[in-house]
Amino acid sequence: MGPALVVAREDLPDLVPLLQQSGYQVIAPTLRQGAIAYAPIQSFEELPAGWTMEQDAGRVRLAHRPDNMVFGHAVGAQSWKRWLRPPAQTLFTVCRENGRTHIRPNEMAPPKLALFGIRPCDLHALAALDRVFLDAAIPDAPYAAMRASTVVIAVNCGTPADTCFCTSMETGPAVARQAGLKFDLVLTELTDGAHRFMVQAGSDLGRTLLAGLKTAPATEEDEAAARVLIRTAQKSMTRRLEARTAQLVLLGDAMESRQWQAVGARCMACTNCTMVCPTCFCTSLEDGSSVDGTTAWRKRVWDSCFTQSFSYIHGGSVRATIPARYRQWMMHKLASYREQFQVQGCTGCGRCIAWCPVGIDITEVARALIAESARAEEAR
Ligand code: SF4
Ligand code: SF4
């Protein structure tokens, strides 16, 4: 990371036009339909300064903050995957012209995106998606094109939500420089004394952007304030998940656990958890055609392992029951994702807890599985 600099609160808005002048569409946290959600912005003033989003199991509420922090909230509704791997994407079109059939791949140039305000946990999720789609034997071309034109402005977390457990997953609350974690700038918002942002570049593009801003070298006081902020955030996180133990239990004797029936009885298979999860990436293909029969297309659309149709193969669904589908999802998140891709499938962002309509909490289910396994071990 580059040297730490400081940008005054009143000067940070200049970053948005700087990005726009370089052709980037800026996506940032905004107030949307009673929540904080990521959306395109035209100016810095659209960020939710003075707002936070209280989150608990099955509960999300907007609330005012006593201060005027710009990033005084945790992760937003939905995740950044919505922009890098859209919910519906045309892969190719087939046209019939003059008695001939032409197949046209979707060659639309992807928009240049600036992901402004991405949290450390979501940076890890981005690294996981990069691993899945870019490091595959056959990289995913639409995703690769999107990623190649993306600039990432990360923000260290000062105010985690009650649903966050990134400390357990070692994905936050501050950005750590490690293999696979890519960002251009990282900000830390400081409100002790003058409202300001400590900022460090993580790439040449980040350094170029910083050169366009009014900055000053960070003082020892700034660095100390940033450390206090992160330590306070770490201490305020009460949700825990014993990730390594959960992985061993899930890969061990959890297959027939009674917990699956218990959680399956509550789960409505609504798919919310997979839609909001930043590392879930399952899709299905849909084919369509025009009424006059001259054009057909194939689209890739988001799907979920919670639907019965997702595991349908000849003769029926492999996972016909909800307990089986929840088990599949949780196994993938906490165990087999790592086996498949050598990265974590869960970053501790807590979205699946907040946006589950019945408040199912992956950390509670993991705890129950671990306790059951320990009891079984004692009885042996
Ligand atoms: S499983 Fe839940 S907590 Fe983990 S990354 Fe997905 S949404 Fe976030
Ligand atoms: S959000 Fe909750 S109810 Fe919906 S599928 Fe996920 S665990 Fe089940």
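The following legends describe close-up views of a predicted model.

**View 1. The two domains of the protein chain.** Domain 1 comprises residues 5-86 + 111-236, and domain 2 comprises residues 243-288 + 304-375. Their C-alpha centres are separated by 27 Å. Where they meet, 30 residues of domain 1 are in contact with 25 residues of domain 2.

**View 2. The side of domain 1 that touches domain 2.** At least two residues of this side come from each of β4 (51-56), β5 (59-64), α3 (120-134) and α5 (166-169). Helix α3 gives the most, with nine residues. Sorted by class, this side of domain 1 holds 16 nonpolar, eight polar and six charged residues.

**View 3. The packing of helices α8 and α11.** Helix α8 (residues 243-251) packs against helix α11 (residues 322-341) at an angle of about 85°, and their axes are 9 Å apart. An angle of 65 to 115 degrees counts as roughly perpendicular, and α8 and α11 are therefore roughly perpendicular to each other. Helix α8 contributes Ala243, Ala246, Gln247, Leu250 and Leu251 to the contact, while α11 contributes Met331, Leu334, Ala335 and Arg338. Seven of these residues are nonpolar, one is polar and one is charged.

**View 4. The surroundings of ligand 1.** Ligand 1 is surrounded by 13 residues, of which Cys277, Cys346, Cys349, Arg351 and Cys352 are the closest. The shell consists of seven nonpolar, four polar and two charged residues.

View 5. The residues around ligand 2 include Cys267, Cys270, Cys273 and Cys356. Also among them are Met268, Phe306, Pro357, Val358 and Ile360. This shell has 10 nonpolar and two polar residues, but no charged residues.

Terms used:
Residues numbered from 1 in each chain as written. Chains lettered and ligands numbered in written order. Predicted model: local features only at pLDDT ≥ 70, side-chain atom pairs only at ≥ 80, totals over all residues. Near = placed C-beta within 6 Å. Nonpolar A, V, L, I, M, F, W, Y, C, P; charged D, E, K, R; others polar. Axes fitted to C-alpha atoms, helices over the stretch in contact; angles between N-to-C directions. Helix = DSSP H or I, 4+ residues; strand = E, 2+ residues; numbered from the N terminus. Parallel < 35°, antiparallel > 145°, perpendicular 65-115°, else oblique. Contact = placed C-beta atoms within 7 Å. Domains from an automatic or database assignment.
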